[in-house]
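Biologist: Before I plan around this protein, could you take me through its contacts and its surface, one question at a time?

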Amino acid sequence: MSSRLIPQIYDCFKEGYDSRRLMKDTMSGVTVGIVALPLAIAFAIASGVKPEQGIFTAIIAGFIISLLSGSRVQIGGPTGAFIVVVYEIVVKFGYNGLAVATMLAGIMLVAMGAVKLGGVIKFIPYPMTVGFTSGIALIIGTTQIKDIFGLDAHPASASFVHRVQAYIESASTFNPYSFAVAAAALAIILIMPKFTKKIPGSIFAIIITTAAVAMFNIPVDTIHTQFGDVPSSLPLPAFPTINLDIITAVFPSAITIALLAAIESLLSAVVADGMTSTRHRSNMELVGQGVANIFSPLFGGIPATGAIARTATNIQNGATSPVSGMVHAFTLLFILLFFGKWAKLIPMPTLAAVLIIVSYHMSEWRHFLKLLKSPPADILIMVVTFLLTVFIDLTVAIETGVVLSALLFMNRMAVATEVKNLGREVNEEYEAHDVLSKDRIPEGVEIFEIFGSFFFGAVNQFKDTLRIVKKKPQVIILRMRTVPFVDATAMMALEEVLKKSESEGIRLILSGVSPALMHTFEKADFAEKIGRENICPHIDNALEQAAKYV
């Protein structure tokens with residue numbers, strides 16, 4: 001079952017893990033490790049932390065995600081989705097605040113998996129996902145302008161508007177060498193796939209432009225000029241400073257990190273399922289992501305999640321089990337230990353070019369334009385989430401998007417719910433599909449039917465429909481055969497109708513009550529108030545009961 005809290009690596013070894021599978025996983029893991037290196041560095045720098053912190057994350061979190069993953073071929077690490085929220089946390093609270101927020105998010109993810117909320121994430125509306133993803137992509141793209149053009153820009157805040165304003169004010173500091181290096185790197189990234197798709201163009205771009213900048217002493221910023229030397233070892237584990245004040249301050253951001261990690265990791269797992277004809281365990285995946293995010297900050301890391309592009313690369317290179325993801329982590333560790341010191345020579349314009357490509361693929365602009373032809377409610381969700389992500393804050397965008405989506409969904413549910421007076425509105429088409437006809441409704445009996453969910457959004461319509469009866473009946477039968485549930489507000493409305501009916505000498509009978517609804521009525525003591533004999537499983541029983549009162 002997909003809900004079991006058992007890592008996929010257990011099943012892979014239980015099936016029989018031989019040298020052939022180990023060779024495939026090793027080859028794919030090494031390839032993905034090389035692919036992940038420039039992305040880990042670029043994501044870290046764009047997030048406002050040191051480049052090596054992206055590598056630490058890919059090593060520690062990447063290994064744990066694979067070890068505990070609910071997906072067989074998931075590759076975890078830092079991703080572009082986190083750049084905006086991480087940058088904002090670092091600006092406001094420093095790395096310590098980020099570490100606390102990441103650990104809190106990890107705890108939330110473990111809890112979500114433990115209580116089996118893995119399947120709930122799929123109810124996040126697609127327009128909302130496109131909205132904040134496109135917003136993140138735009139922000140990532142604009143943050144690279146500084147390094148692409150070599151601008152000496154220092155925005156007063158992390159906001160989109162202040163950043164653009166700073167770029168305009170520093171236009172005179174344009175460095176043509178930076179632009180030339182970025183353009184060369186971008187050209188290499190775009191051209192190389194025509195020759196080979198095994199290794200991404202970003203690797204070639206980094207090697208070629210780094211060599212050119214070092215050999216010809218081209219005056220552009222490098223990792224060394226901005227961040228100093230890159231260490232050649234993992235740091236010792238250390239706990240961040242945790243207190244109630246910092247927890248309270250970063251808690252909203254922690255929720256955002258947890259939601260982003262859950263959405264992206266499960267989306268990546270679904271993509272992997274489609275490519276490998278397997279089925280992931282969503283709840284175990286959340287637990288694995290949570291544990292990884294708890295441990296990542298202990299080693300100076302940042303938030304991590306499943307990475308769709310790297311997972312796809314892993315599959316394309318023949319991965320068969322989570323071992324490939326663990327090899328990917330060891331590959332990065334090997335590079336850090338023996339080649340990390342050379343990473344300081346990588347030009348910043350090259351990394352900016354890499355992130356421009358990442359932001360382009362993240363933007364989903366085709367889906368964005370396509371959704372503009374959707375119903376107005378979906379357009380509203382997408383556009384509001386997009387604008388809030390860009391101009392306000394990703395946390396606010398996600399919270400608003402969730403609330404707005406829920407409100408619009410409830411409105412749709414309320415509109416879809418109908419309450420009809422069958423004595424007045426029953427027609428030939430209805431009679432052809434139902435045992436009830438006008439001649440079966442005795443004098444003094446009014447029959448109403450609720451079509452759809454009976455919740456607080458439909459209560460007013462229910463009350464308004466009951467008021468249309470001009471001549472006071474002796475019995476009101478309320479058919480509920482299509483009602484799947486009754487919430488507390490609707491329950492209160494039923495009790496009000498019962499009290500009003502009793503005060504006016506009218507009998508209330510419920511028809512088509514399912515066992516689930518009957519259980520709800522019993523828990524609320526409504527079954528006793530109305531009388532169990534007046535709760536009927538079928539309209540025939542209800543009509544027989546009504547005949548006793550007229």
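Predicted model: local features only at pLDDT ≥ 70, side-chain atom pairs only at ≥ 80, totals over all residues.

Biologist: How many salt bridges does the structure hold?

Modeller: A salt bridge here is a side-chain nitrogen of Lys or Arg within 4 Å of a carboxyl oxygen of Asp or Glu. By that criterion, the number of salt bridges in the structure is ten.

Biologist: Which residue meets Arg281 in a salt bridge, and is Arg281 buried or exposed?

Modeller: Arg281 has a relative accessible area of 5% and is therefore buried, since buried means under 20% relative accessible area, exposed over 50%, and partly exposed in between, with a 1.4 Å probe and protein chains only. Its side chain is in a salt bridge with an N to O distance of 2.2 Å, and the partner is Asp11. The pair links distant parts of the chain, 270 residues apart, with Arg281 in the loop between H11 and H12 and its partner in helix H1 (residues 8–15); helices (H or I, at least four residues) and strands (E, at least two) are DSSP runs numbered from the N terminus. The partner is buried as well as Arg281, and its name is Asp11.

Biologist: Which residue forms a salt bridge with Glu528?

Modeller: At 55% relative accessibility, Glu528 counts as exposed. The closest N and O atoms of its salt bridge are 3.0 Å apart, and the other residue is partly exposed at a relative accessible area of 41%. That residue also meets Glu522 in a salt bridge (2.9 Å, N to O), and it is Arg532.

Biologist: How much accessible area does the nonpolar patch with Leu337 have together?

Modeller: Patches are made of residues with over 30% relative accessible area and no salt bridge, like charges being joined within 9 Å and nonpolar side chains (Val, Leu, Ile, Met, Phe, Trp, Tyr) within 5 Å. Leu337, in helix H14 (residues 323–339), is partly exposed because its relative accessible area is 37%. Accessible areas come from the Shrake-Rupley method with a 1.4 Å probe, and for residues only the protein chains shown count as cover. For Phe334, Leu337, Phe338, Phe339, Trp342 and Leu345 together, the accessible area on the surface is about 620 Å².

Biologist: How are H3 and H14 oriented to each other?

Modeller: Axes are lines fitted to C-alpha atoms, for helices over the stretch in contact, and angles run from 0 to 180 degrees between N-to-C directions. The axes of helix H3 (residues 51–68) and H14 come within 8 Å and cross at roughly 160°. Angles under 35 degrees count as roughly parallel, over 145 as roughly antiparallel, 65 to 115 as roughly perpendicular and the rest as oblique, so H3 and H14 are roughly antiparallel.

Biologist: What distance separates the C-alpha atoms of Val445 and Ile506?

Modeller: Val445 lies in strand E4 (residues 445–451) and counts as buried at 6% relative accessibility. Along the chain, Val445 and Ile506 are 61 residues apart, while their C-alpha atoms are separated by 9.7 Å.

Terms used
Residues numbered from 1 in each chain as written. Heavy atoms only, no water.
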